[in-house]
Amino acid sequence: MSLLIGFGYIIPLVTTTVTASYICREFKYTILPLVITMVVAWDVCTAVLWYGVLSTIIDNVYAFEVGILASFCVATIVRAIALLINKSHYDRQNGSSRESI
């Protein structure tokens, strides 16, 4: 159960990914470094809060930590793929001469 509670951290990570994707599309990828900085800062804040609150409730802290680690791994892969797809779609939509990867 502790592993699932730790992996439940994927919900705030997915919410952050969707919000960052929306902001990037709205500002046409001009503020991408700022968005990446905001995502990293938000991830750190929510991870500290998630761990700090829930680590006192669960019984197996090691499985809880592994669940959080797994959610970060999945979220990183999903974010990279989503950013690649959104950026290549944006480039094609605006008639960029560069071919997609």
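**Aromatic contacts and helix geometry**

One aromatic cluster is formed by Tyr-9, Trp-50 and Phe-72. Rings of Phe, Tyr and Trp (its six-membered ring) pair if their centres lie within 6.5 Å; planes under 30 degrees apart count as stacked, over 60 as edge-to-face and the rest as tilted. The model is predicted: local features need pLDDT of at least 70, side-chain atom pairs count only at pLDDT 80 or more, and totals for chains, interfaces and linings use all residues. Residues are numbered from 1 along each chain as its sequence is written, and side-chain values use heavy atoms, with hydrogens and water left out.

By the ring rule, the count comes to three aromatic pairs. The ring centres of Tyr-51 and Phe-64 are 5.7 Å apart and their planes lie at 25 degrees, so this pair is stacked. The pair links distant parts of the chain, 13 residues apart: Tyr-51 lies in helix H3 and Phe-64 in helix H4 (residues 61–93). Helices are DSSP runs (H or I, at least four residues), numbered from the N terminus. Phe-64 is buried, at 0% relative accessible area. Tyr-51 is partly exposed, at 32%. Buried means under 20% relative accessible area, exposed over 50%, partly exposed in between (1.4 Å probe, protein chains only).

Helix H2 spans residues 10–26. Its buried residues are Ile-10, Leu-13, Thr-16, Thr-17, Ala-20, Ser-21 and Cys-24. They cover an arc of only 135 degrees around the axis, which puts them on the same side of H2; the arc is that of the directions from the helix axis to the C-beta atoms. On the other side of H2, Ile-11 and Val-18 are exposed. Lys-28 follows H2, with a positive phi near 55 degrees.

Terms used
Helix = DSSP H or I, 4+ residues; strand = E, 2+ residues; numbered from the N terminus. Expected span 1.5 Å × (residues − 1).
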